[in-house]
Amino acid sequence: MMRKRFAIAAAVAAAAALAITGCTGPSGGESSDVKPAKSGAVTWWGYTPDTPVAEHYIAEFNKQYPDIKVTYKNFENVDYRNTITPALDSGKGPDVFDLSPAGGSPDTWGPYALDLTSLAKDTLGSGWEDKIGGSYVKQLTSSDGRFVSLPLGGMSAGFLWYNKDILDKAGAEVPTDYTSWVDTCKKVTAIGKTCFTMGAGGKDTFPTEMYHSIANTVEPDYFIKAATGKAKWNDATGVKVLEIIKKMKADGIIASNALDGPQYPLANNQFMKGDAAMVQMGFWYTQYAGAESCKTSMEAAGVSNPTCFVQLPAQFPDVAGAGNKSTYFGEADYGLAINSGSKNIGPAKTFVAWMTLNDKGQQNVANALDLLPTLKGVAPDWSSIKLVDDSVQRPAIEALIKDSADTTETRQWQTTEKSLDAIVVAIQQVLDPSVNKSLQSIADDQQAASVASTVGTK
């Protein structure tokens, strides 16, 4: 099953779960004197990665540690949110669990996790923080200074993926601005395909990716400024973003069925079936450029005996026409936290350290083309990776990796869940023809429902 990349509303859901159980959460234990062990059993719960990817990671881990049995349980995002906190409260939770930087998660779930500073320092030695990419350590540190989740890898977003086969058949170009995007869509729809598929229905925060990208073409840095209270979602720039979204639907860029469902499965399946030319997804979609994973993803989308198409990344078009490139944005995608109440802390430490801080473990992450490796200097081993069309896809992916590593703009870490939810509602109202409200009124409501983030502002 295709995986979603956001644990949306995690903080809200977890807080609700705590209120229901009447608990305040465990102390988390600042550290543990338990040493990494070479045998035992570990349970790992996560909303990502896909089960086949996780099983591959575990199989590679077991080549070095055959006496540690790791069992992975995969959840849909909503199920994960609704299950993890009650399980941790009851003492029946996993030994290891996914914990991302988004939406205040280090403070929400951090109290259940060990402080992993000592494990990182013991594994990487002095200067360990400098060996980890981006600002991942900072992003996975709780407000009380505890490093609660070791990053498995990073994630970038803010760009498109396109089906080269469809564009070639339509005689269309990869769009670079608004006018060329409209022209490309006309050519694509002329051959019976959807141009740009997206799912804006439901509560998933995928629509915020498009809002963020459009905002970058209107005014660079506006999104982060608004997210952190240094600008308003209902000022002239915010209204301009909503205006562009409305125009994109009217001009046939955004598909008419965008509100029929969330990004997964609506947009994902439409793109993977070969029915749509473009979709906005993040770096995790790189894995489907692989010859085998492409087939698997197409089968999961409902295609029998699939023939893989060539998918490639492309910069989000300059839809504002102001000459501003829509830069990528990214951060630590998620990390592995160790349950402070676990009875298997020794083997859990061995597993988490190998996955996140070991060259071999990180090489598996790089080769999966699912995440950007945590450790600096680790890159995909192309001799072991088979793409659908290596001559075209490999250079594009290498450029994507470089550009992703170079970005300094964050994705969700500096945006509260209330602000993300407010963006989704605003987009839905703009796209819904039954909503009779001005764009200014929609933006005003968006601003009223948002809460500025203080994360990373000091």
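**Notes on backbone, cores and a cavity**

1. N305 sits in the loop that runs between α13 (291-300) and β8 (311-315). The model is a predicted one. N305 is not a glycine, yet its phi is positive, at about 50°. Is N305 buried or exposed? N305 has a relative accessible area of 74%, and exposed means over 50%, so N305 counts as exposed.

2. L369 is another residue to check on the backbone. L369 has a positive phi of about 55° and is not a glycine. L369 belongs to the loop between α15 (359-368) and β10 (372-373). Its relative accessibility is 2%; the limit for buried is under 20%, so L369 counts as buried.

3. T48 and P49 are joined by a cis bond, with omega about 5°. P49 is part of the loop between β1 (40-46) and α2 (51-64). A cis bond also joins Y264 and P265, and there omega is about 10°. P265 is placed in helix α12 (residues 263-272).

4. Helix α12 deserves a point of its own. How many of the 10 residues of α12 are buried? Nine are, and so the helix is largely enclosed by the rest of the structure. The buried residues are Q263, Y264, L266, A267, N268, N269, Q270, F271 and M272. These buried residues pack against the strands β5 (159-163), β6 (194-197), β7 (276-280) and β8, and against helix α13. Just after α12 comes G274, with a positive phi of about 85°.

5. In soluble globular proteins, nonpolar side chains tend to be buried together. The largest nonpolar core of this model has 78 residues, and the members that touch the most others are W44, F97, Y285 and F351. Which helix gives the most to this core? Helix α14 (residues 345-357) does, with eight residues. Apart from this core lies another, of 51 residues, including Y178, V182, Y211 and A231.

6. With its neighbours within four places in sequence left aside, F351 is in contact with V42, W44, I58, F61, V70 and L336. W44 is itself one of the core members that touch the most others.

7. Helix α17 (residues 417-431) can be checked for its span. The helix has 15 residues and reaches 21 Å from its first C-alpha to its last. That is close to the 21 Å expected at 1.5 Å a residue. Its buried residues are E417, S419, L420, A422, I423, V424, A426, I427, V430 and L431.

8. The structure holds two cavities of 30 Å³ or more. The second largest cavity has a volume of about 60 Å³. Which residues line the second largest cavity? The lining is made of F196, T197, M198, G199, F206, P207, E209, M210, Q263 and Q280. Among these, Q263 is also listed with the buried residues of α12.

9. The lining of the second largest cavity can also be sorted by element and by class. β6 and α9 (207-218) each supply at least two of its residues. Helix α9 gives the largest share, three residues. By class, five residues of the lining are nonpolar, four are polar and one is charged.

Conventions:
Residues are numbered from 1 along each chain as its sequence is written. This is a predicted model: local features need pLDDT of at least 70, side-chain atom pairs count only at pLDDT 80 or more; totals for chains, interfaces and linings use all residues. Side-chain values use heavy atoms; hydrogens and water are left out. Helices (H or I, at least four residues) and strands (E, at least two) are DSSP runs, numbered from the N terminus. Buried means under 20% relative accessible area, exposed over 50%, partly exposed in between (1.4 Å probe, protein chains only). A nonpolar core is a set of buried Ala, Val, Leu, Ile, Met, Phe, Trp, Tyr and Cys residues joined through side-chain atoms within 4.5 Å. Contact means heavy atoms within 4.5 Å. The expected span of a helix is 1.5 Å times one less than its number of residues. On a 1 Å grid over the protein atoms alone, a cavity is a set of points where a 1.4 Å probe fits but cannot get out, and a pocket is an open set with protein on both sides within 12 Å along at least five of seven lines; lining residues have an atom within 4 Å of a point. Grid points are joined across faces, edges and corners, and a volume is the space filled by probe spheres set on the points. Ala, Val, Leu, Ile, Met, Phe, Trp, Tyr, Cys and Pro count as nonpolar, Asp, Glu, Lys and Arg as charged, and the others, Gly among them, as polar.
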